[in-house]
Amino acid sequence: MTRLHRKPQRANKIMPTMYKFKLISTLFLILFGLLIPPTTQADDPDTVWLTEQTMQNWKLTDLQNHPLHGPIDMALDGKSLYLINEGTLYQVPLAELKATASHLQLTPILSPTSLIEGYPIKELVAVEVTQPQTATNPQNLYLLDKSNDLYRYRFDTQQWSLEIPPSRALDDPPPLYLNLASYDDRVYLLDPARNQIWRYPQPSWGEANYLPDNLPWQRSPNSPDVTQTIDLAIDGLVYTLDRAGTVVTYSPLEVARYSLPAPSQLDYRSAITTSQPIALALSLNSPALYVADRQHERIVMLDRRDGSVLYQLVAEPELEFSNLRALVEWDNQLLLLVGSTLYRYDLNQLKEESSKDEVSSLSNTLPPPTGRGGASPLAGGIEGGRVFANSMTLTLTTTSPTDPNLGAWLAEYNFQMPLKGAELPYRSAVYPGSRRAYRYGVHQGIDFYGEDVGLKIDMGTPVYAVAAGGVKQVDHDYQPRSVAQIERMLDQANAAHVTSPEILERLNGRQIWLDHGDGVMTRYSHLSDIVPSLKVGQTVQAGQRIGYVGLSGTLDGAKGNYTNPHLHFEIRFGSQQKFYAGQGLTLPQTRLLFEQIFAVPVHDPESEEIEATSPLEGIERGQATNSSTDTITYQVQAGDTLFSIGQQFGLPYQRLAEVNDLTEDDFLQLGQILLIPTDLAPTVLGYSTGGWPIELYSFGDGSRHVTFIGGIHGGYEWNSTLLAYRAIDHFATHPDQIPDSITLEIIPTANPDGLVKIVGHSGRFSPRQLPDDIEATMIGRFNDNRVDLNRNWDCHWQPEATWGDLIVSAGDAPFSEVETQILQEFLTSPPKEAVIFWHSAWPAVFAGGCDEPYPTAEQLAEIYRQASNYYPPPELDPAEVEYVVIGDATDWLATQQIPAITVELTNHEDIDWMENLAGIIAILEHVALLD
């Protein structure tokens, strides 16, 4: 699931005059047939076979003759070829390509440890060279890294610079630059996360965004869509290539669309119906548009004027073009990066191998940009390079992370998915190598969110071992991080412009590491809990349950915002597991790698089926229901969100989304009619001293009543209220977990006055509304009479009580406060079978008892402790007790023979959801079995 809030609409903008002119010009061209919609492709367009005899090739090495196993991108200027391998930029003079040597030695220029303007480079993924237009518009080389930093090298001054200033870029979603292209000395950045192509520098006549500004969730059916685009090219128009092999032309509205043709019927790969496009390139000297299709090991040459197929250049089997990764045209030669080999194909051969009349279209019908070539090579270099064994002896412990064989090797482990029934995510932003703006870093795993993988994922959804292996690490003793601790770590990462390994490890939260042999390890992070029997050194089997989805280590988890649970999953390999799967690769290449490893499809977001999963071992998940016919309608007003509407009607926003067939990302339209279910509306027990409602949510209709109460200390112990609302949301969609004989009752806030003092209103709230300093919440402990409500009950009551080293008011008399009067009446008429108060902060469970221990309450406390793994209260010498609690609610309830306990949460921020869910279930099952 994704974070729920309303997506902001941008104001309509006035279209600049030049923008209008360009658009009108493009439409004019379309009307007059120069840009023609695609025609039906021939069944078997002209095929040219690429063989070892028709192509020249070079093995690529560094200066020590160590092979470059996985180059991923390349570009050239007039004198040099630039290439990225394992995050390092290499250079080789183009003159070397005219030599007869069998290999090319490349000079490293920038490595992942290099600094530009004092900031570290983080895994280079794309390189582009602009062509100069005038003497005042010099040629530049641009580099893009995985944290979305854009670097420029000016050939005239031989200076590097960081072009886009450092920024946390906390847009929702944050930009994700997948690739880049250049035109007219401007860089165009492909951003599928925000469905946009950005221009840098921003044109003086327009805005940075190239496409009409439609975020993914705001798209109309006919608006531009680059959310699945993997590459782009520009000649004044923009051409995009998506994962399905569709090429779209924009200017900036869509003006043409065409798909790759079927492979040649003569090709043994023709039975494979799907393509795996990996790169797009333009000819500078002809109308040709080149599409590299890794699946069919071919280059498709399209006429970009009308989408017709000029040629298919298909590799013979001995060339093994399944490792094809990049291509570029140079001097009527086609250069192809295939694994550790650079191939060159002379396009002049096409005239000799085909008698097509259309071959003349490959002549210079499009003039090259003026001023092309003549640039100087980059100065300098870095010492040495990575040292690897000979390619014939590589293993998973010695391989390069970009080795083309990596996917096949990892596939031999027969990995299952870590969540039952999950597919691979469709969003690029959740794969390894994507940007993490909030910590200025790079993602090293794959995130499994429900909407991305076709599952309903809750806090506590089971996590399974992907393969047999030994338990290397298991964090049973994980200590949650506070909001302040996590924010300090994020501030440190942003100041350093990189997330250090130490900080990254702490942000991963509760983890399990499994060792699968030969240096391969899988990691499961952000877990809410771990199967108790799991131990270091133990061997687990593929598909064995090991833990549960959570948000540990995240800022949302620390704040109690549990709307976005997910599993962070990593595959590590190499010596000491120093590489992550996807390291050194582009995001499109990483997606293909994971498809090869897991052999499961990428989830189709248009599919209707969402599979339910179990939130807790031994407890089967109930299907969410929207069968209630008790509804009222509501018309959406300006500023409404599902959260605010739910707050208005006392409903969890998940319930509103479910009843109205919405996702938590859907944008609410002004005037939209929503159904408001009344089957979960709270009962108002009464009103506080300040006039705020004390609300009760009930589930089930059994004869035995079990009551949970949060927030008796209001805004000071606000996480106890968040825990109550989390329980309300859970049992609204999991009613089958309540035994038939039980009525479950939850009062989220027994002291609404105290909560209002801190967040400004009663009812649901976000942790973001709270002050960072806990001392600022202390006033929220009391009601509007400044009374501590848990000192106002008739067990050794005194007008003045203690709280730590403070003297606090216990009211004018026992039950002097309207809040305790309401609770007293409700809990005793009729008497409840069990009452549980949630407090914070001390991970312990206390049983109520006024003068003597109350055995029934002691039994209840022990059941909750065992299920939740909370500690028993410490046994203290009376002389060492700092203060005595008098007038306590659970103690008074013991005098009425009502078993009651106090559950103290771990701290003042976390809700310990998995621990408390286990405790709740245990109490319900215990009471249901009472005689």
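## A buried cysteine pair

Cys795 and Cys850 are both buried, where buried means under 20% relative accessible area, exposed over 50% and partly exposed in between, with a 1.4 Å probe and protein chains only. This is a predicted model, in which local features need pLDDT of at least 70 and side-chain atom pairs count only at pLDDT 80 or more, while totals for chains, interfaces and linings use all residues. Residues are numbered from 1 along each chain as its sequence is written, and side-chain values use heavy atoms, with hydrogens and water left out.

A disulfide joins Cys795 to Cys850, with an S to S distance of 2.1 Å; the term stands for a pair of cysteine sulfur atoms within 2.5 Å. The two cysteines link distant parts of the chain, 55 residues apart: Cys795 lies in the loop between helix H12 (752–759) and strand S48 (800–803), and Cys850 in the loop between strand S51 (844–847) and helix H14 (855–868). Helices (H or I, at least four residues) and strands (E, at least two) are DSSP runs, numbered from the N terminus. The S-S torsion of Cys795 and Cys850 is about 110 degrees, so the disulfide is right-handed. A search of the whole structure finds 1 disulfide.

## Helix H14

Let's follow the chain into H14. Among the buried residues of H14 are Leu860, Ile863, Tyr864 and Arg865. Strand S46 (704–709), strand S50 (834–840), S51, strand S52 (900–905) and helix H16 (913–928) are included in what covers the buried residues of H14. Just after H14, Asn869 has a positive phi of about 65 degrees.

## Glu570 in strand S39

Strand S39 (residues 567–573) holds Glu570, which is buried with a relative accessible area of 2%. The Glu570 side chain makes a polar contact with the side chain of Arg572 at 3.1 Å. Such a contact is a pair of N or O atoms within 3.5 Å; within protein, one must be able to donate a hydrogen and the other to accept it, and residues adjacent in sequence count only if both atoms are side-chain atoms.

## An open sheet

Strands S17-S18-S19-S20, in that order, form an open antiparallel sheet of 4 strands. Two strands pair if DSSP finds at least two bridges between them. Strand S19 (residues 246–250) pairs with S20 over 5 bridges in the antiparallel sense, and Val248 has Arg257 in S20 as its bridge partner.

Conventions
Contact means heavy atoms within 4.5 Å.
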